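Please look over the sequence and the structure shown here before reading on. The report that follows goes through selected parts of the fold, one topic at a time.

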Amino acid sequence: MPRFRAVPSRYDFPAAEKATLEFWEWVDMDTDGTTDDRREVLVKNAADNSTLDTLIQATSNQAEANWTLRSYSLDQAVCGRQVYLQFNLYSDQANVDGGWF
């Protein structure tokens, strides 16, 4: 199954006590009842690439025909660390829909 991934950027939170990730997303993924198409947003430790937190882990069956603002607290995952935010889309290519933006 192909995986499509945005190139991650490193973010530094050496003295942060609070952090929030906000982004707009538009979802038009396969709604055939399977879990073949899915998306995820991970917070990764820049030092060893371990996963510190999973913000989104959603399967198909979601077709939101509009832009939606998402907001996630990163407090525990990022305090005192350098992290990557990793956006992954998995698709089986059986049904072609708009995707995830």
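## Strands, loops and the model

Ser50 is placed in the loop between β4 and β5, and the model in which it is seen is a predicted one.

With a relative accessible area of 28%, Ser50 is partly exposed. Setting aside residues up to four places away in sequence, Ser50 touches Val43, Lys44 and Asn45. The C-alpha atoms of Ser50 and Val83 are separated by 9.7 Å, while the two residues are 33 residues apart along the chain.

## Strand β4 and its two partners

Strand β4 covers residues 38–45 and β5 covers residues 51–59, and the two form a hairpin with 5 residues between them, in whose turn Asn49 has a positive phi of about 65 degrees. The pairing of β4 with β5 is antiparallel and runs over 7 bridges, and within it Arg39 stands opposite Ala58 of β5.

Strand β4 also pairs with β7, again in the antiparallel sense, over 8 bridges, and in β7 the bridge partner of Arg39 is Leu89. Is β4 mostly covered or uncovered? Of its 8 residues, 7 are buried, so that β4 is mostly covered, where buried means under 20% relative accessible area.

## Glu40 and Arg38

Glu40 has its place in strand β4, and at 10% relative accessibility Glu40 counts as buried. Which side chains have a polar contact with that of Glu40? The side chain of Asn88 is joined to it by a polar contact of 2.8 Å, and the side chain of Tyr90 is joined to that of Glu40 by a polar contact of 3.0 Å. When neighbours within four places in sequence are left aside, the residues in contact with Glu40 are Ile56, Gln57, Gln86, Phe87, Asn88, Tyr90 and Trp100.

Tyr90 also takes part in an arrangement with a charged residue, for Arg38 lies over the face of Tyr90, at 4.2 Å from the ring centre.

In one of them, Phe23 and Tyr72 are stacked, with 6.2 Å from centre to centre and 25 degrees between the planes. Because Phe23 lies in strand β3 (residues 20–28) and Tyr72 in strand β6 (residues 63–73), this pair ties together parts that are 49 residues apart in sequence.

Phe23 also pairs with Phe87, and since the ring centres are 5.4 Å apart and the planes stand at 80 degrees, this pair is edge-to-face. Phe87 belongs to strand β7 (residues 81–90) and Phe23 to strand β3, so the pair ties together parts that are 64 residues apart in sequence. Phe23 counts as buried at 13% relative accessibility, whereas Phe87, at 24%, counts as partly exposed.

Strand β3 has a covered face made up of Leu21, Phe23, Glu25 and Val27, and an uncovered one made up of Thr20, Glu22, Trp24, Trp26 and Asp28. Strand β3 is joined by 2 bridges to strand β8 (residues 99–100), and these two strands run antiparallel. Which residue of β8 is the bridge partner of Asp28? In β8, that partner is Gly99.

## The nonpolar core

The largest nonpolar core has 18 residues, and those with the most contacts inside it are Leu21, Val41, Val43, Leu55, Leu74 and Val78. At least two residues of this core come from each of β3, β4, β5, α1 (75–78) and β7. Leu74, one of the residues with the most contacts inside the core, touches Ala19, Thr20, Leu21, Val43 and Leu55, if residues up to four places away in sequence are not counted.

Cys79 lies in the loop between α1 and β7, and its relative accessible area of 30% makes Cys79 partly exposed. Apart from residues up to four places away in sequence, Cys79 touches Phe13, Ala16 and Glu17. Although Cys79 and Phe13 are 66 residues apart along the chain, their C-alpha atoms are separated by 5.9 Å.

Technical notes:
Residues numbered from 1 in each chain as written. Predicted model: local features only at pLDDT ≥ 70, side-chain atom pairs only at ≥ 80, totals over all residues. Heavy atoms only, no water. Phe/Tyr/Trp six-rings, centres within 6.5 Å; stacked < 30°, edge-to-face > 60°. Helix = DSSP H or I, 4+ residues; strand = E, 2+ residues; numbered from the N terminus. Buried < 20%, exposed > 50% of the residue type's maximum accessible area, 1.4 Å probe, protein only. Lys NZ or Arg CZ within 6 Å of the ring centre and 35° of its normal. Core = buried A, V, L, I, M, F, W, Y, C linked by side-chain atoms within 4.5 Å. Contact = heavy atoms within 4.5 Å. Pairing = 2+ DSSP bridges. Polar contact = N/O pair within 3.5 Å; in protein donor to acceptor, adjacent residues only side chain to side chain.
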